[in-house]
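The sequence and the coordinates are shown first, and the description follows.

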Amino acid sequence: MPDQTQRFLFDDSDVRGEIATLEESYQHVLAKHSYPEPVAQLLGELLAAAALLVGTLKFDGLLILQARSSGAVPLLMVECSSAREVRGIARYHAEQIHPGATLGELMPEGMLAITVDPANGQRYQGIVGLDGVNLAACLTDYFAASEQLPTRFWLNADSRRACGLLLQQLPADRIKDAEERDASWEHLRTLADTLTAEELLGLDSETLLHRLYHQEQLRLFDALPIRFRCSCSRERSARALISLGEEDAQKLVAEQGGAVSIDCQFCNEKYTYDAADVAQLFAGGGSDSPSDTRH
């Protein structure tokens, strides 16, 4: 199963779905940091959630999921672009984490901010408390509380693969009667609730959907690829130095022994600038190194 999202639609009901499978991109995220197993699993679930949510949006831009808490994991952050390029990071206190730790134990008093940042248009943010039994329940509660289309999530990760399933009720079209709509929605959700973590993580989309909905008429659309990509660059890190002002930037270089390094927290890429680099930046020469050394 390549890294992908795949949409499906029930022909006889006003319900759509999405399946996300991340393996190589998930491994790229985990390879940058040595995460304890519970943290790696939670980060994988958030990556899968972002991939699913992007499929519900029609925009050109960036989706950001950022969770904060007062506990062992003070920060989880995942970004997924409309081009389905993902990256993610977690901050944690290793001494506070035990095997099998739950969401509530890892992130007590947690809050999750869901931000849609379009390339053109207004930035939107919604916030939900992380007080559900797991991340999937919290996201389900968010859609219920925000009066958006009823949406249900199933998420699992095992440090090797991160997968998710989403069901979303659409506006009335095929079924007009309210009671029939509710019954259809409940029926499809109940079948999805029989899904085990092993099935979600181990089965391809067609096999999984056949196992759940072999008596339903549905259409499975073409898969869309997902890949890891970090948006950091030497140019972006240079802008951080420029924001300091030339005097302070040169002072920082001197304090750091002749060169200052800016590290990307997501991918561990390091961008190094010496005094000549900084001088070039403020002379309008760009961020490429003027010397023979390339950073």
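## Overall architecture

Of the 295 residues of the protein, 48% count as buried. The model is predicted, and local features are considered at a pLDDT of at least 70. The secondary structure comprises ten helices and 14 strands. Along the principal axes, the C-alpha trace spans about 70 × 45 × 35 Å. Among contacts between residues at least 6 apart in sequence, 61% join residues at least 24 apart.

The domain assignment divides the protein into domain 1 (4–228) and domain 2 (234–283). The centres of domain 1 and domain 2, taken over C-alpha atoms, are separated by 37 Å. To the contact, domain 1 contributes nine residues and domain 2 contributes five residues.

An open sheet is formed by six strands in the order 7-6-3-4-5-12, and the pairing is mixed. Strand 7 (124–129) and strand 12 (227–228) each have a single partner strand and therefore stand at the edges, so one side of each is left without a neighbour in the sheet. In general, strands of a sheet pair through backbone hydrogen bonds, either parallel or antiparallel. Strand 6 (residues 111–118) and strand 7 run antiparallel and are joined by six bridges. Within this pairing, Leu 112 has Val 128 of strand 7 as its bridge partner.

Helix 2 (residues 37–54) packs on the sheet, where it touches strand 3 (61–68), strand 4 (75–81), strand 5 (85–91) and strand 6. The direction of helix 2 makes about 30 degrees with that of strand 4.

Asp 131 is found in the loop between strand 7 and helix 4 (135–145). Is Asp 131 buried or exposed? Its relative accessible area is 67%, and because a residue counts as exposed over 50%, Asp 131 is classed as exposed. The C-alpha atoms of Asp 131 and Pro 108 are separated by 7.9 Å, although these residues are 23 apart along the chain.

## Aromatic contacts

The count of aromatic pairs comes to five.

| Aromatic pair | Centre to centre | Angle between the planes |
|---|---|---|
| Phe 10 and Tyr 213 | 4.9 Å | 90 degrees |

The pair of Phe 10 and Tyr 213 links distant parts of the chain: Phe 10 belongs to strand 1 (residues 4–10) and Tyr 213 to helix 7 (residues 205–213), and the two are 203 residues apart. Phe 8, Phe 10 and Tyr 213 together form one aromatic cluster.

How accessible are the residues of this cluster? The relative accessible area of Phe 8 is 0%, and that of Phe 10 is 1%. Because buried means under 20% relative accessible area, Phe 8 is counted as buried, and Phe 10 is likewise buried. Tyr 213 is buried as well.

A further contact with an aromatic ring involves Arg 7, which lies over the face of Phe 221 at 5.5 Å from the ring centre.

Methods
Residues are numbered from 1 along each chain as its sequence is written. This is a predicted model: local features need pLDDT of at least 70, side-chain atom pairs count only at pLDDT 80 or more; totals for chains, interfaces and linings use all residues. Side-chain values use heavy atoms; hydrogens and water are left out. Rings of Phe, Tyr and Trp (its six-membered ring) pair if their centres lie within 6.5 Å; planes under 30 degrees apart count as stacked, over 60 as edge-to-face and the rest as tilted. Buried means under 20% relative accessible area, exposed over 50%, partly exposed in between (1.4 Å probe, protein chains only). Helices (H or I, at least four residues) and strands (E, at least two) are DSSP runs, numbered from the N terminus. A charge sits over a ring if NZ of Lys or CZ of Arg is within 6 Å of the ring centre and within 35 degrees of the ring normal. Two strands pair if DSSP finds at least two bridges between them. Contact means heavy atoms within 4.5 Å. Axes are lines fitted to C-alpha atoms, for helices over the stretch in contact, and angles run from 0 to 180 degrees between N-to-C directions. Domain bounds come from an automatic or database domain assignment.
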